Number of protein chains: 2
Amino acid sequence: MFENKIKITAPFWQQYINLIREEMLPFQWSVLNDEADIKIEKERDADHIPAEKSHAIENFKIAAGISKGKHYGMVFQDSDVYKWLEAVAYALHQHQDDNLQRIADGVVDLLAKAQQSDGYLNTYFTIEAPECRYKRLYQSHELYCAGHFIEAAVGYYSVTKNQKILDIACKLADHIDDVFGSEDGKIHGYDGHEEIELALLRLFELTKNDKYKKLANFFLYERGKNPNFFKEQQKTDPSTKPVIEGMEGFKPEYYQNHKPILEQETAEGHAVRVMYMCTGMAMLARLNNDKKMFEACKRLWKNIVTKRMYITGGIGSTVIGEAFTADYDLPNDTMYCETCASIGMIFFANNMLKLDVDSQYADIMEKALYNTVIDGMALDGKHFFYVNPLEVVPQLSHKDPGKSHVKTVRPAWFGCACCPPNLARLLSSLDEYMYTVKDDVIYSNLYVSNKSDFKINNQVISIEEITDYPWNGKITFKVNSEATFKLGLRIPNWANRYLFKLNGKEFTPKIEKGYAIIDRTWEKGDIVIFDIQIEANFICANPLVREDYGKVAIQRGPIIYCAEGVDNGDNLHLITIDTNKKINEYKDSDTLGNIVKLELEAEKLILDKQWNDILYRNIMEKQENVEIIKLKLIPYFCAFNRGENEMAIWLKTK
Amino acid sequence: MFENKIKITAPFWQQYINLIREEMLPFQWSVLNDEADIKIEKERDADHIPAEKSHAIENFKIAAGISKGKHYGMVFQDSDVYKWLEAVAYALHQHQDDNLQRIADGVVDLLAKAQQSDGYLNTYFTIEAPECRYKRLYQSHELYCAGHFIEAAVGYYSVTKNQKILDIACKLADHIDDVFGSEDGKIHGYDGHEEIELALLRLFELTKNDKYKKLANFFLYERGKNPNFFKEQQKTDPSTKPVIEGMEGFKPEYYQNHKPILEQETAEGHAVRVMYMCTGMAMLARLNNDKKMFEACKRLWKNIVTKRMYITGGIGSTVIGEAFTADYDLPNDTMYCETCASIGMIFFANNMLKLDVDSQYADIMEKALYNTVIDGMALDGKHFFYVNPLEVVPQLSHKDPGKSHVKTVRPAWFGCACCPPNLARLLSSLDEYMYTVKDDVIYSNLYVSNKSDFKINNQVISIEEITDYPWNGKITFKVNSEATFKLGLRIPNWANRYLFKLNGKEFTPKIEKGYAIIDRTWEKGDIVIFDIQIEANFICANPLVREDYGKVAIQRGPIIYCAEGVDNGDNLHLITIDTNKKINEYKDSDTLGNIVKLELEAEKLILDKQWNDILYRNIMEKQENVEIIKLKLIPYFCAFNRGENEMAIWLKTK
């Protein structure tokens with residue numbers, strides 16, 4: 001991690017990074033300690049069952065023998081602490097904060113005490129059911145939590161060089177290796193929720209200990225060999241009480257163990273799990289030079305991005321199991337589109353880029369980042385979505401139980417705090433996603449103003465990038481070192497018109513897999529300008545997407561736009577767009593921040609009294625009266641910030 | 001009941017009535033006795049949880065002390081026997097069958113033995129939990145089952161004069177009156193599932209015992225006075241195990257006790273319950289001349305038919321709670337539209353007609369009958385739908401858990417046999433819905449060939465009706481008696497052009513509340529012809545129905561038509577209709593029976609290779625290639641009879 005020194009200077013992203021460091025992390029620390037004064041959502045939000053309190057730190061104190069009491073919260077409550085710790089690591093990397101580091105070091109000390117002598121680390125099973133250790137893997141999240149801890153340890157060690165956390169992680173990973181594997185006497189199984197695989201590979205990358213890579217390889221290849229593994233394990237479970245009630249009916253697809261990974265042709269089941277699995281697969285393909293695994297990654301990637309992904313980069317078409325459903329099944333009003341699933345998609349994309357620098361991966365990374373991921377957080381940094389809908393009608397969220405998971409405004413927090421800390425760790429480590437450095441090429445995946453030092457062939461190359469992206473497509477790179485290397489600039493898949501200039505002179509670079517490659521012996525002060533004309537366009541979906549047929553969405557640069565009721569009145573479905581009309585754009589600065597808004601002449605049906613108390617009528621009797629409106633569109637990620645109102649991304653067209 | 005002798009001669013309906021007598025009732029009898037060789041659906045179908053066997057008759061034997069064992073099945077399993085018994089009564093009324101009557105008399109003898117000495121009759125609580133009697137009314141279905149028994153008793157006594165069944169019913173009703181009521185010491189409560197109210201009023205109409213009417217009045221007016229009644233009662237329940245697991249989270253709206261009945265402005269909660277409540281309300285309004293209750297009936301009626309009813313007469317927009325949701329929320333692919341709910345709507349409509357002969361009630365009765373109700377049964381009489389969808393895409397029913405309740409073909413039977421026997425009792429007593437006789441007017445609500453004798457002012461009036469309705473709109477009435485009375489002929493709300501002839505001469509009758517009133521001193525042999533030009537029309541929905549906006553349905557007479565994949569290929573959503581095109585009709589006779597089919601020139605998008613592996617694209621790059629197709633439409637109730645395939649009622653229009 002952090003092999004290159006990348007300093008983000010873009011106000012757009014600095015604002016998020018600062019909100020996380022200044023607001024989210026201290027707030028979450030108070031939540032983990034049950035000191036936060038928050039109204040926890042009482043409503044059941046799918047399997048994110050809210051709780052009255054977190055109790056997460058207290059659970060560790062009990063497991064460590066420092067406090068007395070019972071475990072409280074979800075079986076995977078520990079992972080809240082780990083994700084917080086990982087986010088803290090990246091925040092410290094961005095900005096040193098001694099007080100925050102002191103708190104985090106204290107947590108590491110506590111975890112060391114909570115770890116069992118054999119290396120096992122899990123508060124639920126340590127406190128409540130030691131006899132059930134690893135015996136209920138379909139729901140236990142033991143390896144999932146271990147994976148999140150290992151990720152936190154890799155991150156925290158990389159930034160702070162805290163040896164203690166790395167020791168805990170290695171002891172835990174060694175313990176898991178003692179218990180799981182293909183050898184006789186070991187468990188030939190894996191966790192219901194993937195995560196340990198990618199975590200072990202991160203630990204391998206840090207420690208170079210081959211054992212961790214082998215164990216990850218075992219977990220990935222073992223998965224799905226026996227689709228009845230969980231069912232058979234359940235029969236031997238000494239406890240009859242389920243770990244998570246009401247969630248036992250899921251089929252093997254939910255856990256991605258319906259068939260061996262290399263045979264999985266489509267993305268099935270719980271979307272976050274699929275993404276963590278795919279991330280692990282892509283890492284393993286690279287680290288083991290495993291061609292078959294790489295083919296499997298490409299197969300799942302293609303299935304998702306060509307048949308199962310929303311225009312916002314959201315994935316998961318149903319709340320039931322928070323899961324994928326079928327090809328082209330992308331309902332806009334009942335979907336799940338969990339923030340964490342799109343974050344997982346970014347993990348997957350980033351690792352595909354490391355395998356194969358192809359702009360298709362970075363395009364999706366950008367799409368997910370600018371739309372579903374940052375939609376997951378309110379502009380105040382204090383309210384969060386799990387579910388990122390493409391269409392909201394408030395009265396239906398309130399009255400149709402099939403849409404009760406679709407919140408109309410972002411709630412303050414959730415008892416099961418899964419998405420907010422995941423957001424925190426992604427955005428705080430955004431520098432790890434902006435570039436892929438391979439051999440002598442610096443590939444720029446995401447356009448974000450920054451000042452950076454790259455290490456290539458023992459040269460340190462300083463580059464400064466200046467841009468007002470995503471609002472403006474002019475991107476300037478200043479090379480501040482004399483060196484020989486290639487600069488690869490991603491040409492976004494939405495870009496229609498663009499030009500390149502080197503020191504003021506236009507040129508045509510060669511294009512490789514969607515990247516413009518500028519191969520040059522650079523001089524200090526060289527300036528490359530990549531100038532993309534960003535304009536708003538109408539986008540249509542594959543006609544097999546039933547819900548979008550006859551509709552268009554509007555995209556400008558990487559940003560998907562939407563209409564809100566507060567700007568356009570209720571009943572957004574009565575608006576019809578003529579795609580021959582020009583989309584006007586203007587910079588605006590109000591409660592939504594400093595953004596580009598769009599405006600477009602459109603028609604809206606007037607609901608007149610002919611329809612009073614009439615539900616159905618012969619078309620011969622119908623009159624159509626429409627009014628011409630100025631349709632106002634805002635970036636999707638800015639929606640839901642002005643109170644409860646209607647929202648729609650896809651609008652009817654003529 | 002059966003005050004007039006109405007003999008249905010229409011082949012369309014005789015076919016259903018015969019299927020019920022010859023196939024359904026014997027088959028169901030074998031199911032109730034666990035002798036049927038059927039594959040019971042294993043999948044969970046909302047709260048109709050399938051069982052391995054019925055055990056219903058055995059439960060009564062155990063309660064009667066004849067057999068030993070435990071209760072098996074749903075808490076409301078008894079009602080399967082009662083609904084069967086009621087259907088048998090009407091079948092015997094249609095067609096005497098000594099063997100069937102002997103079997104039914106035997107059931108009555110068994111019920112007499114199962115009834116407790118105080119009059120209580122319920123196998124679950126008698127066998128399993130006598131200490132919980134009437135203590136878990138939100139789920140116990142005790143009064144619901146009692147109501148179904150009383151209805152069966154009223155029907156069976158009316159047809160067979162079996163005194164024993166009437167005695168059991170009165171003893172049961174007297175017992176309920178001892179336990180429930182406003183007096184001190186009685187339970188100030190009601191059943192979670194309405195049914196007892198209408199049943200008591202039917203018993204009152206038969207026996208003229210005022211006590212039963214008063215008790216029904218109590219139940220209806222008590223409902224919703226205290227919205228916490230069920231919650232409070234649960235606290236005193238001696239058992240902690242719920243009667244029906246997984247169904248405890250429902251709000252008072254589910255049970256229609258969120259507010260007093262007179263204050264309920266909208267239809268809320270479980271649709272079948274609402275319909276049974278409304279039926280009881282309409283009966284009470286008439287029998288007590290209760291004007292406020294009549295206004296409450298009209299309010300709920302209007303809310304349903306102008307804001308919450310599908311074009312098929314289906315109700316219940318969500319599977320969760322099988323319930324109403326919000327005004328204009330009528331999704332076509334996730335709805336419930338339970339067969340029983342539309343049957344309940346017919347009960348409600350029929351009782352509204354008895355209160356106020358207004359064709360709007362009969363129009364809805366006809367709509368529900370010809371569409372959702374008979375859609376509930378396959379053309380073979382052996383397969384049944386609970387859920388009657390308006391749009392089916394088989395792979396989504398299989399892969400989207402939010403649509404798993406939407407079956408693609410009618411299953412053979414259900415462990416909880418709710419809808420099939422309800423269908424049997426409605427269709428076997430269809431003669432009770434065809435006419436409303438009030439003072440000296442014979443109102444014809446439904447046009448069905450029949451030969452009938454009506455009693456008016458001590459005259460017996462014989463009328464023969466001959467028609468090929470619903471395929472042909474020519475309806476001939478032959479009056480075979482000399483008498484003075486008025487004939488009221490409903491002018492269907494879909495009828496645009498029609499004429500009346502008396503003995504060959506055209507005339508213009510006066511119209512009262514949608515009925516043409518022919519007031520005359522009739523001579524034997526008088527012939528009235530009501531000739532409606534039935535033609536296929538395009539129907540559109542109120543623009544507030546989001547799911548139907550920009551779409552049309554096709555209706556011919558009372559019949560709603562649909563397109564199936566087997567005729568039109570998959571991806572029905574790619575079809576676009578031009579409503580200026582002529583709809584051709586033709587009589588056809590194939591596996592779907594002797595029906596009128598429709599054909600229409602339409603466009604269908606050609607899915608070409610431009611969309612291979614592309615999910616979203618800039619509209620500028622899109623080409624639209626359409627083919628002209630002959631769109632084939634069949635009556636909705638005939639759909640789902642040719643194997644699994646797509647189906648749609650609402651089709652896109654230009």
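Predicted model: local features only at pLDDT ≥ 70, side-chain atom pairs only at ≥ 80, totals over all residues.
User: How many salt bridges does the rule find across the interface of chain B and chain A?
Analyst: Residues are numbered from 1 along each chain as its sequence is written, chains are lettered from A and ligands numbered from 1 in the order in which they are written, and side-chain values use heavy atoms, with hydrogens and water left out. A salt bridge needs a side-chain nitrogen of Lys or Arg within 4 Å of a carboxyl oxygen of Asp or Glu. Between chain B and chain A, the rule finds 6.

User: Which residue forms a salt bridge with A:Lys302?
Analyst: Side chains of opposite charge can pair when their charged atoms come close. For A:Lys302, the closest N and O atoms of the bridge are 3.2 Å apart. The partner is B:Asp613.

User: How many residue pairs are in polar contact between chain B and chain A?
Analyst: A polar contact is a pair of N or O atoms within 3.5 Å; within protein, one must be able to donate a hydrogen and the other to accept it, and residues adjacent in sequence count only if both atoms are side-chain atoms. Both residues must have pLDDT 80 or more here. The count of pairs is 30.

User: How do the residues of the side of chain B that touches chain A divide into nonpolar, polar and charged?
Analyst: Ala, Val, Leu, Ile, Met, Phe, Trp, Tyr, Cys and Pro count as nonpolar, Asp, Glu, Lys and Arg as charged, and the others, Gly among them, as polar. The contact (heavy atoms within 4.5 Å) takes 57 residues from chain B and 57 from chain A. On the side of chain B they divide into 30 nonpolar, 12 polar and 15 charged.

User: Which residues of chain B lose the most area to chain A?
Analyst: Buried area is the accessible area (1.4 Å probe) that two parts lose on being put together, summed over both. The chains bury about 5000 Å² between them, 59% of it on carbon and sulfur atoms. Three residues together give 17% of what the side of chain B buries. They are B:Arg546, B:Leu615 and B:Tyr616.

User: What rotation superposes chain B on chain A?
Analyst: The shift along the axis is 0.0 Å, and the RMSD is 0.0 Å. The two copies are thus related as by a two-fold rotation axis. The rotation is 180 degrees.

User: How far apart in sequence are the parts that A:Arg490 and A:Asp363 tie together?
Analyst: Their side chains meet in a salt bridge, 2.3 Å from N to O. Helices (H or I, at least four residues) and strands (E, at least two) are DSSP runs, numbered from the N terminus. A:Arg490 lies in strand E8 (residues 483–490) and A:Asp363 in helix H15 (residues 359–375), so the pair ties together parts separated in sequence by 127 residues.

User: Which residue does A:Tyr469 join through a cis peptide bond?
Analyst: Most peptide bonds are trans. Here omega is about 5 degrees.

Methods. Least-squares fit on C-alpha atoms with pLDDT ≥ 70 in both.
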